Amino acid sequence: MNKIWLVFMLLSSTALADSKQPDARYCLVCHGSAAQGNVAIKAPNLAILPDWYLRQQFIAFRNNWRGNAADDAHGKEMQAVANTMNDAEIDQAIAFIRRRAPVKLPISVNTTADIQHGRQLYQQCQACHGANGEGNAQLHAPPLAGQHNWYLVQQLSAFKNGWRGNQSDDSYGQIMRQFAQSLANDQAIADVVAYIDSLPPTQPLVRTTQ
Amino acid sequence: MTNYFKTPLTRRQCLGLLAKAGSSSAILGAAGIFGLTNIPLNASPVTLKPLQGKHRKVLILGAGISGLTAAYELERAGYSCTILEASHRIGGRVLTLRHGDFIDELGTPQICPFDDAPNLYFNAGAARIPAHHTGILHYCRTLGVELQLFSNHNKNCYTQDDAAFNGQPVRIREYEADMRGFIGELLAKSATAGSTLDQAFNEQDLDKFIQFARAYGDLDANLTYRGTDRAGYAAGGVTSPAILKQPRSLPDLLRSDFCTGAMHFAEIADQAPALMTPSGGMDSIVKAFLRQLTTPVHLHCQVSNIQLLPQGVAITYLKQGESYTEQADYCLNCIPAQLVSGIESNLPADYVAIMRQLGRGKLTKIGLQAKQRFWEQEDIYSGISWTKQDITQIWYPHHDAFKAKGILLGAYSWEPQISDRFAAMTHQQRLATAIAQGTKVHANYGQYIENGVSVCWQRMNHMLGCGAVWTEELQKTGFELLQAPAGNHYLIGDQLSMHPGWQEGAVRSAWHALADIEQRETLRTGARA
């Protein structure tokens, strides 16, 4: 009984108040000052991702669909954070990210990739992700245009090697994994990502409350 | 390895051996930085000329040792400084944990559960200061920081390796005595068989060398190692005759990796005795700076934009959800490079490109509160035990002998893979792992441990790493570029030193930037005159 009281005392201390940061400022430490992503941390651009997809991925991390593989150190970092957040805090974090003003990102072109080959490969992607990589909420497919190319490469590899899409209750991940496995090798991944990189900027995101 | 011990030893070979053992050019280079060589390099901190009425504003990003050093020197010369700190505390990786402290690790937040007592603290970051780190010691001296001796090497501690001695811990004293005995014997015997030498010792040299080998190994008159009291006695030795311990066999000793690594840890320039540490915790240095500083330190200010201006720098930061912008003549930026990489800015692309290539240091420390100082029952006061398990080390407090309780370091691993394994665990799993592995060094370890803290530095909020990791190649191509100012913006901190992870690197990097500012101010004044 004393112990429970002690825990309560600790939780109500000012120290713990520090742990509950207003407006989920944790996000920007890794994902960059405008949630635009940070290659040094391998943290993706969140600014281009719609609310429903961000929420879906929080759930994916909490469900162990992402961050499960022993050597996926970056996935595990995000999973550790997602595991500390309840639904209300997730909503708060997403709202916080939405308030960031977008920043322009420099275009980096992969000169060793074959964009024409990438265009052919992308035909199987566009059914879900859209001809312009704008994504499709009904199909739970995120926008791709505007995402960092290194992150797209990293995630296609993650789907291919089973870090993502490898669990029976992760149906959308499983679908994506099949497509990723159809990409023959690293060059094919580089080519399709180079094509996505070349897509014109997408329309401003349509905010949904889904 | 060449067969030094099968053929007689020549002077050339001997010198070759010595060079390999202790004075390779790499080690000399490292030593030179801090004046370990015969060129004395006294700590003469940059002395900034007083501004004498001129107004200069400096924004310092980050309240670690480099930021505090810069603020201290600048404000004394009349610069008006402001420190913006992203986290909830001052000190950066000088982190001394005590009762009730909040540990802001992403995904693993903790409140330090140690009892509220002055001797129960844990240096989760910086923990020791070598005597040649004259920069940080300069501030310890001038700011009145009381120092104690800190021990990296204690012969009464243990080495444990599952591959050797059935996994049983062995006193470092015994291991080293036996190893030196065998080495001494091999040296002495190979030196006496002096035929066919390409340039032999003269007789005096040879005699002295054999005396050395005998003393090194504690050999008998026949130059044979038969055990030594250096290993401690098996029985007796005080009021009854001593019985020596039986030496272990060389093949048994070689099964342990201790001889190829940890045994030589205290030979490393920065780890060799005598080391020091502030009484009461490393953050005594931070407190000493704060006693002197009038510069305000604003906490919870997370930088979101760095803009170089023609005559200065504009910094935008978030505080409690609100955005603020401040301009200054100079900006000294101690934010870890991997985080600057994610901050919107107009910093030159080649400058940011180098930051993006720096690796994040992965390092884990675990602190454990013991309800009894059981190590004192085993004649251990301070020092480090080594194990090949993930926890790697156990440290015993160098302070407060015979008190009721104590704080042990229960794990310290700097191998990235090991630190990743700790990071992937919950806090409770980390403590359980530390206790389970520590039990191989001290039986019944678990029964003494009451609680603990765990810190994975690659997960610590607003840091995400401990010590920038420079590859040799990147250091060649990028260090000078990143060390130079971009406009009126300077990236500083231990990350911009050859000693990332040491306070000395932070101090020297701040001095480097201040010297440059001093030069520019002199030029500005000169141009006007």
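This is a predicted model: local features need pLDDT of at least 70, side-chain atom pairs count only at pLDDT 80 or more; totals for chains, interfaces and linings use all residues.

Trainee: Which order do the strands of the open sheet in chain B have?

Mentor: The five strands of this open sheet follow the order 14-2-1-18-27, with parallel pairing. Strands here are DSSP runs of E with at least two residues, helices are runs of H or I with at least four, and both are numbered from the N terminus. Two strands pair if DSSP finds at least two bridges between them.

Trainee: Which strands stand at the edges?

Mentor: Strand 14 (297–298) and strand 27 (489–491) of chain B do; each has a single partner strand, so one side of each is left without a neighbour in the sheet.

Trainee: And how many bridges join strand 1 and strand 2 of chain B?

Mentor: Five bridges join strand 1 (residues 57–61) to strand 2 (residues 80–84) of chain B, in the parallel sense. B:Val58 has B:Cys81 as its bridge partner, and B:Leu61 has B:Leu84.

Trainee: Why is strand 1 of chain B largely enclosed?

Mentor: Four of its five residues are buried, so strand 1 of chain B is largely enclosed by the rest of the structure. Buried means under 20% relative accessible area, exposed over 50%, and partly exposed in between (1.4 Å probe, protein chains only).

Trainee: Let us change topic. How many residues are in the largest nonpolar core?

Mentor: The largest nonpolar core has 72 residues, and B:Phe122 is one of those that touch the most other members. Such a core is a set of buried Ala, Val, Leu, Ile, Met, Phe, Trp, Tyr and Cys residues joined through side-chain atoms within 4.5 Å. Helix 5 (residues 172–192) of chain B gives the most to this core, with eight residues. Another core, of 61 residues, lies apart from it and includes A:Phe61 and B:Val340.

Trainee: What does B:Phe122 touch?

Mentor: Leaving out residues up to four places away in sequence, B:Phe122 touches, among others, B:Leu97, B:Phe114 and B:Leu408. Contact means heavy atoms within 4.5 Å.

Trainee: Is B:Asp283 buried or exposed?

Mentor: B:Asp283 is buried, with a relative accessible area of 10%. This residue lies in the loop between strand 13 (275–278) and helix 8 (284–292) of chain B. Beyond its neighbours within four places in sequence, B:Asp283 is in contact with B:Val94, B:Thr96 and B:Arg98.

Trainee: Now the backbone. Which peptide bond is cis?

Mentor: The bond from B:Pro273 to B:Ala274 is cis, with omega near -5°. B:Ala274 is in the loop between helix 7 (250–255) and strand 13 of chain B.

Trainee: What is the phi of B:His300?

Mentor: Phi of B:His300 is near 60°, a positive value in a residue other than glycine. Most residues other than glycine have a negative phi, and most peptide bonds are trans. B:Ser382 also has a positive phi, of about 70°. B:His300 is buried at 18% relative accessible area, and B:Ser382 counts as buried at 11%.

Note on methods:
Residues are numbered from 1 along each chain as its sequence is written. Chains are lettered from A and ligands numbered from 1 in the order in which they are written. Side-chain values use heavy atoms; hydrogens and water are left out.
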